[in-house]
Amino acid sequence: MGTPICTRCVLPGTGPDLHLDGEGICNVCRDHEHRAAAGGEERQPLETDFVRRLGKYRGRGRYDCLVMLSGGKDSTAALYFMKRRYHMSPLAFTFDLGFETEEAMANVKNAVDALGVDLLVHRSGYMLDLFRRIIETGAKVVLCHPCSIYYMQLVFETARRYRTPLVIAGWTRGQLARREDAVRGRYDGGSPEYRAMARATREFLATLRGDPKYGDFPATMEEVVRRAGRRGRIVVESPHWYLPEATEDHTALLERELGWKRPARSYPEGSTNCSLNFLSSHLSLRHYGYTHYHVEMSKLIRDGLLTREEALRRLRPDFDPEELRAIAAHCGGTLPGESCP
Ligand SMILES: [Zn+2]
């Protein structure tokens with residue numbers, strides 16, 4: 001057996017940031033327990049709060065909001081709700097670094113067609129060489145982190161260009177416990193689960209200073225937010241923070257209304273992520289013993305939205321070594337020698 005994992009959630013006791021006590025329960029679960037006992041858990045925001053906030057943005061410009069759309073179930077549901085449930089006029093924005101699957105792009109197209117929403121696709125190979133450096137140097141950077149930093153910068157720039165100060169993400173409550181943490185808290189080192197990962201990203205991005213190609217790459221997500229804030233406030237919201245049901249419950253609705261299809265394979269099982277995510281998760285498991293999906297699902301378990309058994313089942317790694325090599329090759333790199341089990 002490998003590293004022992006928490007008996008309540010799915011985080012491993014890899015120390016020093018994450019550790020298990022005598023009862024096999026991790027420090028994150030214990031902190032949660034103590035906060036709840038002290039009555040420190042915040043009120044779950046209500047949909048009426050969200051509707052009130054949306055009112056400030058409706059009808060002010062050509063679009064009411066920019067929706068980050070990947071074709072996955074959570075972002076597709078966010079777009080659907082903005083248009084059909086909240087009667088906003090959204091601009092959909094899709095980001096493709098060359099790893100979006102055909103299935104995801106078909107979901108994007110079907111959704112905007114069915115909803116009559118304008119779509120912008122930004123497709124770029126700009127990040128490939130950055131991924132190659134991470135892969136070949138063995139830096140412990142989670143590939144998704146620099147990607148999401150770059151993506152958020154693009155989102156803010158695009159929102160600015162179309163004068164839509166409201167950005168809608170498909171982020172779930174597992175991804176962000178508190179809406180105040182939006183963007184800033186996503187991969188920052190504030191929580192023990194992300195501390196080591198955030199440090200690796202920060203250290204790697206610091207090496208890019210003075211680099212002709214990546215010299216102006218934001219050093220952190222905080223810097224992205226700071227840069228965006230210089231030219232006026234942009235607000236990020238997600239309908240999933242306000243809706244009481246688990247996002248899994250929206251799948252049937254999306255299939256029926258938008259012809260949405262679940263991809264045949266994804267990690268974690270049942271999710272809808274880009275293909276780079278297979279390599280990112282594989283490397284993350286190797287470097288840390290867990291992925292950010294373990295963190296997200298652990299939050300959902302603590303909130304009673306997912307069972308531990310279901311999380312463990314969906315998080316079981318099942319990567320195809322050939323596919324991992326092909327993804328690295330697409331970045332122009334080769335995977336450093338893997339030791340055979
Ligand atoms: Zn735990």
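Is His 87 buried or exposed? His 87 is exposed, because its relative accessible area is 57%, and a residue counts as exposed over 50%. That is a handy way into this structure, which is a predicted model.

## The zinc site

Four cysteines hold the donor atoms of the zinc ion: Cys 6, Cys 9, Cys 26 and Cys 29, each through its SG atom, at 2.2 to 2.4 Å from the ion. The angles among these four donor atoms run from 105 to 112°, and the site is tetrahedral. For comparison, the ideal angle for four tetrahedral donors is 109.5 degrees. Read along the chain, the donors of the zinc ion follow the spacing C-x2-C-x16-C-x2-C. Cys 6 and Cys 26 link distant parts of the chain, 20 residues apart, and both sit in the segment before helix α1 (27-37). Cys 6 counts as buried because its relative accessibility is 0%. Cys 26 is buried too, with a relative accessible area of 1%.

## Two domains

The domain assignment divides the chain into domain 1 (1-41) and domain 2 (47-241). Their centres, taken over C-alpha atoms, are 29 Å apart. Five residues from domain 1 and five residues from domain 2 make up the contact.

## The strands

| Strands | Sense | Bridges |
|---|---|---|
| β1 (residues 65-68) and β2 | parallel | four bridges |
| β2 and β3 (residues 118-123) | parallel | six bridges |
| β1 and β4 (residues 166-168) | parallel | two bridges |

Cys 65 stands opposite Pro 90 in β2, and Val 67 stands opposite Ala 92 in β2. Thr 94 stands opposite Val 121 in β3.

Helices carry the chain between strands. From β1 the chain crosses through helix α3 (residues 73-85) to β2, a right-handed β-α-β crossover. A right-handed β-α-β unit is also made by β2, helix α4 (residues 102-115) and β3.

## Helices α6 and α8

Met 152 lies in helix α6 (residues 144-161), and Val 224 lies in helix α8 (residues 221-229). Met 152 counts as buried because its relative accessibility is 1%. Val 224 is also buried, with a relative accessible area of 2%. Leaving aside neighbours within four places in sequence, Val 224 is in contact with Ile 149, Met 152, Gln 153, Phe 156 and Pro 218. Met 152 and Ala 228 are 76 residues apart along the chain, yet their C-alpha atoms are separated by 9.6 Å. Val 224 and Trp 260, by contrast, are 36 residues apart in sequence and 32 Å apart in space, C-alpha to C-alpha.

## Backbone details

Most residues other than glycine have a negative phi, and most peptide bonds are trans. Here are some places that depart from this.

His 87, in the loop between α3 and β2, has a positive phi of about 55° although it is not a glycine. Arg 163 also has a positive phi of about 55° without being a glycine, and Arg 163 lies in the loop between α6 and β4. Arg 163 counts as exposed because its relative accessibility is 71%.

Lastly, a cis peptide bond joins Tyr 267 and Pro 268, with omega at about -5°. Pro 268 is placed in the loop between α9 (251-258) and α10 (276-288).

Notes
Residues numbered from 1 in each chain as written. Predicted model: local features only at pLDDT ≥ 70, side-chain atom pairs only at ≥ 80, totals over all residues. Heavy atoms only, no water. Pairing = 2+ DSSP bridges. Right-handed = clockwise from strand over helix to strand, strands pointing away. Donors = N, O, S within 2.8 Å, 3.2 Å for Na, K, Ca; no water. Tetrahedral: all angles 85-135°; square planar, octahedral: opposite > 155°, others 65-115°. Buried < 20%, exposed > 50% of the residue type's maximum accessible area, 1.4 Å probe, protein only. Domains from an automatic or database assignment. Contact = heavy atoms within 4.5 Å.
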